[in-house]
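Let's walk through this structure together, one piece at a time. Have the sequence and the 3D view open as you read.

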Amino acid sequence: MCGIVATIGSREAAPLLLQGLQRLEYRGYDSAGLATVTPGQLHCCKAEGKLVHLREKLEKTPVSGCCGIGHTRWATHGKPDARNAHPQLDEAGSVAVVQNGIIENHRHLRQHLEQRGVHFGSDTDTEVIPHLVAQALADLRGTVSPTDLLRLAVAQAVQQLEGAYALAVIWLDQPEELVAVRYRAPLLVGLGEGQFFCASDTPALAGVASSIVSLEDGEMARLTPLGVELFDQSGQRTQRTPHPLRGDDYTTDKRQFRHFMLKEIHEQADVAAAWVERCLALPAEDSLTTVLQDVQRVQLLACGTSRHAALVGAHLFEQLAGIPSSVHYASEFRYAPPPLLPRTLTIGVTQSGETADTLAALTIEMERHRALEPDVPLRLLGITNRSDSSLGRLVPHILDIRAGVEIGVAATKTFLGQMLAFYAIALHLASQRHGASAQVTACRQALAQLPEQLSQVLHAMDRRCADLAHGFAETRDVIYLGRGINYPIALEGALKLKEISYIHAEGYPAGEMKHGPIALLDQHVPVVSIAMPGPVFEKVLSNAQEAKARDAHLIGIGPVCADTEIFDVVLPIPPVHELVSPLLTVVPMQLLAYHVAAHRGLDVDQPRNLAKSVTVE
Ligand code: F6R
């Protein structure tokens with residue numbers, strides 16, 4: 001949710017921290033701050049709003065020091081202002097802490113500290129940590145060697161914390177030391193030349209670190225200008241081989257595009273090209289064949305856009321492979337999981353691999369699967385764009401969608417990648433069960449054409465959606481309609497528009513309109529209707545007619561709807577097999593949302609109140 005960067009070495013920390021924070025800004029951007037330490041002085045600078053405000057402040061009042069910690073915040077406890085921004089300090093201003101995650105018992109700890117006379121300066125849960133560290137330092141001073149003091153004080157403090165967190169700490173009295181801890185929130189250590197780093201996500205380390213180590217839960221790292229030491233939860237030294245980090249895997253360059261989101265929408269033809277080969281070759285991915293064996297039903301756990309991809313997946317599993325499937329909001333599932341039946345495959349879908357609700361739901365399922373079928377390999381699969389994430393460590397089988405780093409907060413190319421992963425699995429399951437049925441063959445043939453068709457649609461639709469966006473200047477509500485496999489695309493179209501343009505939008509199965517939502521329609525409410533030929537095509541057109549009769553402005557997405565004279569505007573899609581059509585119908589949805597938001601002058605890549613990975617419940 002928030003972004004953490006910390007560094008120590010031979011170079012000035014502040015510029016490195018700002019560069020790292022810039023690359024992590026997609027994780028949260030309502031306030032930012034950094035602290036550095038030099039002998040005798042701890043400097044802290046914080047600013048409300050985006051990183052640019054912190055940068056401006058630092059230009060006026062620079063901070064020095066080769067050891068420092070930085071943070072970009074997505075507020076959970078306390079308003080997004082400078083007071084609540086991180087780093088948070090102890091009362092003496094000698095211990096500084098940045099934290100990503102949530103300290104669940106912070107109220108209790110705060111009360112306890114206040115009873116001991118500590119005064120708090122913020123509303124954050126994080127502030128308990130510097131106070132606890134300061135107290136532990138006072139308790140331990142003189143009883144342990146000075147080189148162990150900070151590490152042991154942080155260990156003593158984190159023993160009292162409940163929740164999920166990653167944190168980094170610096171201390172005035174040891175300007176050549178930085179301590180970081182991971183517990184159920186991502187944290188990486190980066191090794192560069194004469195410079196060492198911690199960060200909550202890999203892009204922050206690209207270009208500055210040549211290799212990385214991902215900390216395990218409960219693990220602590222002690223960084224000095226000479227290197228990095230790792231300690232397990234019991235305080236024992238541990239050793240791990242770092243993985244090389246290829247900087248170009250995480251390049252965050254907009255190329256010729258105005259926003260990352262637009263660039264990422266256009267990258268979808270490449271994502272598809274890479275996937276089509278995999279879709280056809282999927283059974284060769286060994287660990288997958290094991291997990292897909294003997295599957296009788298599937299349950300899918302996800303949030304937001306990933307849940308929409310899961311809905312497409314469930315449709316494919318049922319209609320292509322004949323396997324009953326259910327899709328759950330991970331946040332609901334974790335508190336009311338339905339009974340688990342034998343031979344159920346559980347799939348967690350999360351592009352970031354860090355969504356707290358999805359991880360918690362999967363953890364529950366892991367236990368339940370083990371209890372139900374102790375003698376078979378765990379039927380648990382994760383679909384993600386980040387195989388190096390917490391999800392990658394949690395579940396035994398991962399399908400990496402390999403869509404490349406996605407910076408725009410609104411998910412686009414990762415959504416396409418997730419859907420493609422489902423096509424691959426469904427085709428595999430369908431062939432396993434029914435051999436090469438006509439439907440499977442037709443889907444495979446349609447998929448082979450997808451990269452070329454996507455390129456065409458992207459090219460043709462960009463200008464059209466940009467023109468169409470002018471008509472949305474005063475729009476307050478939009479309705480999206482779809483049926484069958486395109487119903488999740490209607491949901492996704494509405495979510496994309498809401499997220500980045502702040503226009504109220506809802507997606508409905510077209511047949512549901514007349515059961516209530518139709519009351520909303522008048523000439524001020526545009527209706528975007530996906531009308532792809534298939535068993536429900538005529539029904540979709542009738543549903544659109546019903547909207548038109550209420551004076552709604554009708555935008556159609558489909559190949560032949562131009563002939564129907566129902567739609568005021570048509571965004572044409574090449575004729576494709578209906579089951580494959582979501583991979584194309586989603587494009588105008590994304591481009592329309594993008595252009596409406598861009599036309600309104602909004603910050604498309606960093607919409608208000610959102611963050612790229614949601615690591616809190
Ligand atoms: C939509 C969006 C969110 C995420 C949701 C789940 O554009 O970005 O709705 O889809 O927070 O995130 P992941 O996929 O990382 O689990």
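**Around the ligand**

A polar side-chain atom of S306 sits 2.5 Å from an oxygen atom of the ligand. S352 also has a polar side-chain atom by a ligand oxygen atom, at 2.6 Å. For Q351, a polar backbone atom is 2.8 Å from an oxygen atom of the ligand. A polar contact here is a pair of N or O atoms within 3.5 Å; within protein, one atom must be able to donate a hydrogen and the other to accept it, and residues adjacent in sequence count only if both atoms are side-chain atoms. There are 15 residues around the ligand, and S306, T350, S352, T355 and E499 come nearest. To be near, a residue needs a heavy atom within 4 Å of the molecule.

Before going on, keep in mind that this is a predicted model, where local features need pLDDT of at least 70, side-chain atom pairs count only at pLDDT 80 or more, and totals for chains, interfaces and linings use all residues. Residues are numbered from 1 along each chain as its sequence is written, and side-chain values use heavy atoms, with hydrogens and water left out.

Now for the empty spaces. Rolling a probe the size of a water molecule over the atoms shows where empty space is left. On a 1 Å grid over the protein atoms alone, a cavity is a set of points where a 1.4 Å probe fits but cannot get out, while a pocket is an open set with protein on both sides within 12 Å along at least five of seven lines; lining residues have an atom within 4 Å of a point. Grid points are joined across faces, edges and corners, and a volume is the space filled by probe spheres set on the points.

How many cavities of 30 Å³ or more does the structure hold? There are 3 of them. The largest cavity has a volume of about 230 Å³. It is lined by 22 residues, and R27, D201, S352, E354 and R386 are the closest to its centre. (Ala, Val, Leu, Ile, Met, Phe, Trp, Tyr, Cys and Pro count as nonpolar, Asp, Glu, Lys and Arg as charged, and the others, Gly among them, as polar.) Domain 1 (3–240) and domain 2 (252–448) each give at least three residues to the lining of the largest cavity; the domain bounds come from an automatic or database domain assignment.

Which residues does UniProt list for "active site"? In an unreviewed entry, it gives C2 and K612. They are spread over 611 residues of sequence, yet they cluster in space, with a largest C-alpha distance of 9.3 Å. Of these residues, K612 is included in the lining of the largest cavity. UniProt positions are given in the numbering used here, feature names are shortened, and annotations may be inferred rather than shown by experiment.

C2 turns up in the lining of the second largest cavity, along with residues including R73, H86 and T126. This cavity has a volume of about 60 Å³, and its lining divides into 3 nonpolar, 7 polar and 2 charged residues. Look at H86 again: a cis peptide bond joins H86 and P87, with omega about 5°. P87 is in the loop between β4 (67–73) and β5 (88–89). Helices (H or I, at least four residues) and strands (E, at least two) are DSSP runs, numbered from the N terminus.

What about the pockets? The largest pocket has a volume of about 640 Å³. Of its 22 lining residues, A164, R184, L359, A360 and T363 are the closest to its centre. The helix α11 gives the most to this lining, with 4 residues.

The second largest pocket holds about 540 Å³ of space. Among the 28 residues that line it, C303, G304, T305, E499 and V614 are the closest to its centre. E499 is also one of the residues that come nearest to the ligand. Where does this pocket lie? Domain 2 (252–448) and domain 3 (456–617) both give residues to its lining, so the pocket lies between them.
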